[in-house]
Protein chains: 2
Amino acid sequence: MATIKDVARLAGVSTATVSATVNDTAYVSPALKARVQQAVRSLGYAPSTVARSLKIGVTKLIGLIVPDITNPFFTELVHVLEIAAQKQGYTLLLCASDEDVAREIGILRTLQMQRVDGVILAPSGTLSDYRAAGLASYAAPLVLIDRTEPFFDADTVAVDNYAASLEATSHLIAHGHRRLATIAGSSHVSTGADRLRGFKDALGRAGLSVDERLIRAGNFRQSDAYAACKDLFAQPEPPTAIYIANNLMLVGAVCALADLGLACPDDISIVAMDDLPWMAAFSPKITVMRQPIRAMGEAVFEAMLRRLGAGGRKIESNLLMFKPDLVVRESCRDLVA
Amino acid sequence: MATIKDVARLAGVSTATVSATVNDTAYVSPALKARVQQAVRSLGYAPSTVARSLKIGVTKLIGLIVPDITNPFFTELVHVLEIAAQKQGYTLLLCASDEDVAREIGILRTLQMQRVDGVILAPSGTLSDYRAAGLASYAAPLVLIDRTEPFFDADTVAVDNYAASLEATSHLIAHGHRRLATIAGSSHVSTGADRLRGFKDALGRAGLSVDERLIRAGNFRQSDAYAACKDLFAQPEPPTAIYIANNLMLVGAVCALADLGLACPDDISIVAMDDLPWMAAFSPKITVMRQPIRAMGEAVFEAMLRRLGAGGRKIESNLLMFKPDLVVRESCRDLVA
DNA sequence: CCGACCCAGCTTATCGTTTAGCTGATCGTG
DNA sequence: CACGATCAGCTAAACGATAAGCTGGGTCGG
């Protein structure tokens, strides 16, 4: 691999001149500039960002930690973040935590060693986990997504899960349903807990009592939701409507209903969290709460840029809450009592 | 940020000793080792991989370029690659080319500057594109995925698209269908071209003529497939079966059929390329050709490790072809003439 | 006509590691 | 007891870039 010295030698100039022409950081006479560019081309020289980073202390790398890229919500988020990063000249280091705090902390350490300029994290642990790992002195700007976990010093971009669940559940109630079930997410992350709370409060507001037998843990997983859904209909008084707390669990539930021979919306009405292209290809098309993922991703990156620009100066920690929209399709029917 | 010097000073040893204990690369007496570790802990020292990489010429970074992470096929692939990389101590630099050769070449340049140890690429260009960009001297080990584009010196891992399409189409023919349509991918990438060729040859083998009006370009995109599908049924003699060349286009086609009021499999039989969790949640469940993505991802990483281990020595270029499986579900019906 | 200033381009210290080579001290042995 | 071998730990030279500061010839004002 050619170095700046090789280029300098070939062009008959000093390395400083090469650096200046390559980075356009100081005036270089047209003649020299041309010679340098010629040398660069003929050697196929590509400056080493690792040497550059060492010297100037900036890597143009941003670490991104998500629990699971396979979850379409995160896929979409990664997608918009990648675009934003590329536009700003940053490259993403993609890491999957697999919902495992220990692994996540290991990744955080690695990213610290890589000297990434910033970290975007969907936390799968609680504050105490991170504190125990001695990550308090972690210097890189941090932006949290999806889950609102009070962190040392970071912005957070999330969706108002409580309000979303409230609205989704109320929609079912407005259709006349009284026996409502939910397939809930993991209760130890904020998204799961908030969505369940919204469901319960919607029931409460409508003067309905919450029946614990109609609340099933799906842990945000397709397989768990499949089992949970079958379970729900094995009881003497099955629900007439279900609120499903994410897209993966929707797939599980729909499979279960098909295997049970139950038709939606005739036998059961459904509202789910998250919208995705293929939700409109289900029959019936599923009514959902759509998260504004693109806007959220852009907000995340803006927050990151703001922190990056602050250059180490203390900055207030913002919490940006986005409101999901109800997208009415065909999966809810009016229940005439 | 604490450096190795700070640690050395605090522990009262030389930097060489710190390096030796941190990397376990030479004997250090227990007493010193303990002192060093104590100093590391109290300073929250994290070695800088950028300095390390500069010195030893290895970054433990692997560049991954895919056209679009949002395409579930690539999502899944990224997922298994990320796991493999993490297990081997590598970190992935994720980049999206958006099917744009110019952008892809820019990314390749960036990765070269980052001095990644290797590159995994789903090429969206042809050999001449890369040659024109002067990437011939690109030194990092290269493994190509999905598309078989003759490249300078690289392994390729792909699925046998021709055989897959042959089998999928033959399956429809075996069900008695004679008017077969296809919604094809982009013909300028090998996957698109090979899949179309397989479709046509299956027709030929069965003694059926190919009707160009039943061949529609979907360009691997949902929206294009939606339009293509509607188009197909606007003709006087619509097909009785469709072979759809990827998952995104399947979603588009299914939406179009629903909007047209056509039922599958009663009005139209379908076989699609790619299997995904939610394909079993469609009604009817879709019959597909399943690509062994996990196995392919693992093969990619193995090939990469082999090249990484070769350390610059020339190595033969392998082409690893995987055979997809037909997964029969409910989207094809027997046509009684 | 001379000193101050300017400016292109060079020299060199520096970033935070690794590692080859060196230095004494310790040890075993003839 | 002396000599070489062994070995823990140190010194210092890279790695490839950047940028502060220097040099020396040219310009300009007084």
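User: Which residues is Ser186(B) in contact with, leaving aside its neighbours within four places in sequence?

Analyst: Please keep in mind throughout that this is a predicted model. With those sequence neighbours set aside, Ser186(B) is in contact with Gly192(B), Asn219(B) and Phe220(B). Ser186(B) itself sits in the loop that lies between β6 (180-184) and α9 (190-205) of chain B.

User: How should I read a helix that has buried residues, and which residues are buried in α1(B)?

Analyst: The general idea is that an α-helix has 3.6 residues a turn, so residues three or four places apart point the same way. In α1(B), the buried residues are Ile4(B), Val7(B) and Ala11(B). They lie on the same side of α1(B), because the arc they cover around the axis is only 60 degrees. What these buried residues of α1(B) pack against is α2 and α3 (30-43) of chain B, and the residue that follows α1(B) is Gly12(B), with a positive phi near 70 degrees.

User: Which residues are buried in α2(A)?

Analyst: In α2(A), Thr17(A), Val18(A) and Thr21(A) are the buried ones. Their arc around the axis is only 100 degrees, so they too are found on the same side of α2(A). Among the elements that cover them are α1 (4-11) and α3 (30-43) of chain A, while Asp24(A), whose phi is positive and near 55 degrees, comes after α2(A).

User: Which residues of the largest nonpolar core touch the most other members?

Analyst: The general idea is that in soluble globular proteins nonpolar side chains tend to be buried together. Here the largest nonpolar core holds 183 residues, and those touching the most other members are Leu64(A), Ile244(A), Ala253(A), Leu64(B), Ile244(B) and Ala253(B). To take one of them, Ile244(A) has among its contacts beyond four places in sequence Ile183(A), Met249(A), Leu250(A) and Ala253(A).

User: How many residues does each chain give to the contact between chain A and chain B?

Analyst: Chain B gives 44 residues and chain A gives 44 residues. On the side of chain B that touches chain A, the largest share, 6 residues, comes from β2(B), and that side as a whole divides into 24 nonpolar, 16 polar and 4 charged residues. Strand β2 (residues 91-96) of chain A runs antiparallel to β2(B), with 3 bridges joining the two, and Leu93(A) has Leu93(B) as its bridge partner.

User: Which residues come nearest to DNA strand C, and which are closest to DNA strand D?

Analyst: Around DNA strand C there are 28 residues, of which Ser14(A), Ala16(A), Ile4(B), Ser19(B) and Ala51(B) come nearest. The largest share of this surface, 6 residues, is supplied by α2(B), and its residues divide into 14 nonpolar, 10 polar and 4 charged. DNA strand D is surrounded by 26 residues, with Thr3(A), Ile4(A), Ser19(A), Ala51(A) and Ala16(B) the closest. The elements that give two or more residues to the surface near DNA strand D are α2 and α4 of chain A, together with α2 and α4 of chain B.

Notes: Residues are numbered from 1 along each chain as its sequence is written. Chains are lettered from A and ligands numbered from 1 in the order in which they are written. This is a predicted model: local features need pLDDT of at least 70, side-chain atom pairs count only at pLDDT 80 or more; totals for chains, interfaces and linings use all residues. Two residues are in contact if their C-beta atoms, placed from the backbone, lie within 7 Å. Helices (H or I, at least four residues) and strands (E, at least two) are DSSP runs, numbered from the N terminus. Ala, Val, Leu, Ile, Met, Phe, Trp, Tyr, Cys and Pro count as nonpolar, Asp, Glu, Lys and Arg as charged, and the others, Gly among them, as polar. Two strands pair if DSSP finds at least two bridges between them. A residue is near a molecule or strand if its C-beta atom, placed from the backbone, lies within 6 Å of it. A residue is buried if 20 or more other C-beta atoms lie within 10 Å of its own, exposed if 12 or fewer, and partly exposed in between; C-beta atoms are placed from the backbone. The arc is that of the directions from the helix axis to the C-beta atoms. A nonpolar core is a set of buried Ala, Val, Leu, Ile, Met, Phe, Trp, Tyr and Cys residues joined through C-beta atoms within 7 Å.
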